[in-house]
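Below is a set of questions and answers for a reader who is meeting this structure for the first time. Please look at the sequence and the model before reading on.

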Amino acid sequence: MTDQASSDEPMPLVLSEELARRTTKQLARNLESVGLLVQSMLIANTVLVDKLRPPGATVLLSLVLLHVIWAIAGYQFGGLLPLGGKGVSLYILGILTVPWIMALLTRPGEYGSTRACVQLCGYPIPPIFFFSFYPWLSFDRDYLRPALHLVVLSAVVVEPLLIIYCRNGYVTDDNFVSVGIYGSLILATYVFGRMFGAVCRAAAQAQLDVLEAEYQRLFGYLHSTVETGLAVIHRQFRMSALGQPPESFRELEQTVNRERARLLLVHPDVSMAQLLNLHVRRVSGAIVIAKVPHTGGLTLSRSTALLMDRTLGDLLKNSIVHEATTVSLHLDVEHSHFSFTVVDDGPGFRPAVLEDQSNSLSRLRDDIRAAGGDLVKEPADAGASMRVSLPFESIAKVQRNVRRASAAD
């Protein structure tokens, strides 16, 4: 079992980067087309309001038509944003090119000459909005996002001043005011986009909250209703002349137990006591559990709990397969890690088994070591003693948290 749940398992109740990105893409799926239509209307308004040189109206109306076609195609096929960096690069190229086109289509000295705003100052707003929150970078490169945001925003805000200086050879106070208003719109749009990104993450968390309530209901129902009913039937069999229930009944009990374990492992923090109890109950009909450790309120991160769930399953199965009759479980808790030992009275096995890659215990040890722990066979007078040590948080999860912290900085 891996940290990513398989298709037949409940969705983990963890606000992962994948879930946040998927939710953001779903919420913004059709906004790109709306943004293109807004840009086309802004260009059309400029044709009606601003004084243009003779070819100006034709050029801008061609841009209007291009944006409308682009919007329709984007609505049908998904637009450019899902292409990631390539699509965003085309948007950035567009918002850096249109101001030069606009400046060339106006009479000398008129671009950015009023204190209201530079011509077509609303054109970059939709792309900047998407640029600020849309997950166009892969998660592994997301730490580059702050620097890229700063570079692009600086270029977009400063560009009109560069155009004015190139066209006129000077920059007036009115030009500075015009570009200042334009810059304030760009920055306000960027902040609004960041807030929308936070809304998307909140929407993803709301999905998890709804799922958590349903999982808790189902977990309680399996425990209080289904398992109680199974226990009553089991007792009625024993009190009647029928004796033990059929094997299919035992399989049903195992199915309910497995489903409870899956529901338990969807949480970001998993109770060690509940996880251990489910495994003890699963093997109670096949082997005697002589000792179960007291775990108190010990909880494990989900990544560690998934590995511990697999470890308990493999080690207890190994004891049963090798015909042990009794198993003792031991727990030692340190500051940053814990050790769990499974001791049985079976015939034991050679340490070389752990070196055989075709053996499940060897593969389990490799995965435990990858998580920062270890699985060793301890000396025993009789039977087998397997000791697993694990950190409370797996190395993989720690590395993800470090990358996220770096991206936030």
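Helices (H or I, at least four residues) and strands (E, at least two) are DSSP runs, numbered from the N terminus. This is a predicted model, in which local features need pLDDT of at least 70 and side-chain atom pairs count only at pLDDT 80 or more, while totals for chains, interfaces and linings use all residues. Residues are numbered from 1 along each chain as its sequence is written, and side-chain values use heavy atoms, with hydrogens and water left out.

Q: How many helices and strands does the protein chain have?
A: Runs of both kinds are present in the protein chain. The count comes to 12 helices and 7 strands.

Q: Which cysteines does a disulfide join?
A: A disulfide is a pair of cysteine sulfur atoms within 2.5 Å, and by this rule there is 1 disulfide. Its S to S distance is 2.5 Å, and the cysteines joined are Cys-117 and Cys-121.

Q: Is Cys-117 buried or exposed?
A: Buried means under 20% relative accessible area and exposed over 50%, with partly exposed in between (1.4 Å probe, protein chains only). Because its relative accessibility is 14%, Cys-117 counts as buried.
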